[in-house]
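Good morning, everyone, and thank you for making time for this.

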Amino acid sequence: MAKSPEQEHPTKAFGWAARDPSGVLFPFKFSRRATGEKDVRFKVLYCGICHSDLHSIKNEWGFSTYPQVPGHEIVGIVTEVGSKVEKFKVGDKVGVGCMVGACHSCDNCANDLENYCPKMIFTYGATYYDGTITYGGYSDVMVAEERYIVRFPDNLPLDAGAPLLCAGITVYSPLQHFGFTKPGMHIGVVGLGGLGHVAVKFAKAFGVKVTVISTSPNKKEEAIEHLGADSFLVSRDPDQMQAAMGTMDGIIDTVSAFHPLLPLLGLLKSQGKLVMVGAPDRPLELPVFPLIMGRKIVAGSCIGGMKETQEMIDFAGKHNITAEVEVISMDYLNTAIERLEKNDVRYRFVIDIGNTLKAA
């Protein structure tokens, strides 16, 4: 007979979980595994709320399991390390992002691309090597293999740095991979939300020209004055879009709602690249003619490998890049989820777990 989540492992744990696709979260007792020889255990201090958490707790992608403890932007302080751990010690500031395992034997894993391993194990709602379900960071304690632990620079605040473990690497990786980091390049960022605002900050730190493309004219001042974008395009304004045709080397599209791609392809120069990092829940229309006539590329990108995630966090520390966050208490969680559904957040909720998670 299957053991209950509370009895599955030796170490007691406490967090908040969704029980069904209503997405309402409740206090939840469960357990974490004992610290293995290559494991790092840490006290969770903060956890970001990602849009993926919203999709997952409501089973909008169709593969959720319950009870589900979400959270994959997890940061805290190391409390215990296994006997074979080499890079971390008790007291270190660390984080865990979107994954906690992979096969470690395929080409992707060999090339530090665990994020594309067919057997990649998500931080929550997935089946771990031992057959148990993984639980995420809306909880008091986290255990993960050393390979999946990220060291935080001393100068990077944990609360505003937490969302970089998902939002940060999601935009940093395509900026690097597709060559959008050369000074003098002109890069577009579609959508000024949790992903988009971080994309602007990283792109500017690389020294490129950045244009924010948004349906909301009221975000112009924020984009330029506060986040440092060079210009702002209202995608619903045909005159603005026409004037910007053929001016961009690349575009990072962060929008997770259904939207037309044709106007974005028109903004690209010949041989330009449109990279999708948002995940709309239904297929988008892809007109092929503009691709052919400009040798343009539409691509996708999903987070990054662990080596690149550490590079991203180090880069963020060096350039003082953080997410814009609203720190909330644990008992505000369901309200925050409702607000996230309405896009009523600038730009990322982060739960203050260390100070506000109270055991039942």
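Which residues lie nearest the centre of the second largest pocket? Before I answer, please keep in mind that this is a predicted model. The residues nearest the centre of that pocket are Lys87, Phe88, Glu146, Arg147 and Ile149, and they belong to a lining of 15 residues. The second largest pocket holds about 290 Å³ of space, and its lining divides by class into 10 charged residues, four nonpolar ones and one polar one. If we ask which elements contribute, β9 (150-151) and α10 (306-318) each supply at least two residues of this lining, and α10 gives the most, with three residues.

A search of the whole structure finds two cavities of 30 Å³ or more. The largest cavity has a volume of about 170 Å³, and of the 14 residues that line it, Arg32, Arg33, Ile133, Thr134 and Tyr135 lie nearest its centre. The elements giving two or more residues to the lining of this largest cavity are β2 (25-32) and β8 (141-145). By class, the lining of the largest cavity is made up of six nonpolar, five polar and three charged residues.

The second largest cavity has a volume of about 60 Å³, and no charged residues are found in its lining, which has seven nonpolar and three polar ones. Among the residues that line this second cavity are Gly97, Cys98, Met99, Val150, Leu165 and Ile169, and also Ile303, Gly304, Met306 and Thr309.

How many disulfides does a search of the whole structure find? The search finds zero. Cysteine 98 is in no disulfide, and the nearest cysteine sulfur, which belongs to cysteine 166, is 3.7 Å away. Is cysteine 98 buried or exposed? Cysteine 98 counts as buried, because its relative accessibility is 7% and the cut-off for buried is under 20%.

Cysteine 103 is partly exposed, with a relative accessible area of 28%.

That is where I will stop, and I am glad to take questions.

Technical notes:
Residues are numbered from 1 along each chain as its sequence is written. This is a predicted model: local features need pLDDT of at least 70, side-chain atom pairs count only at pLDDT 80 or more; totals for chains, interfaces and linings use all residues. Side-chain values use heavy atoms; hydrogens and water are left out. On a 1 Å grid over the protein atoms alone, a cavity is a set of points where a 1.4 Å probe fits but cannot get out, and a pocket is an open set with protein on both sides within 12 Å along at least five of seven lines; lining residues have an atom within 4 Å of a point. Grid points are joined across faces, edges and corners, and a volume is the space filled by probe spheres set on the points. Helices (H or I, at least four residues) and strands (E, at least two) are DSSP runs, numbered from the N terminus. Ala, Val, Leu, Ile, Met, Phe, Trp, Tyr, Cys and Pro count as nonpolar, Asp, Glu, Lys and Arg as charged, and the others, Gly among them, as polar. A disulfide is a pair of cysteine sulfur atoms within 2.5 Å. Buried means under 20% relative accessible area, exposed over 50%, partly exposed in between (1.4 Å probe, protein chains only).
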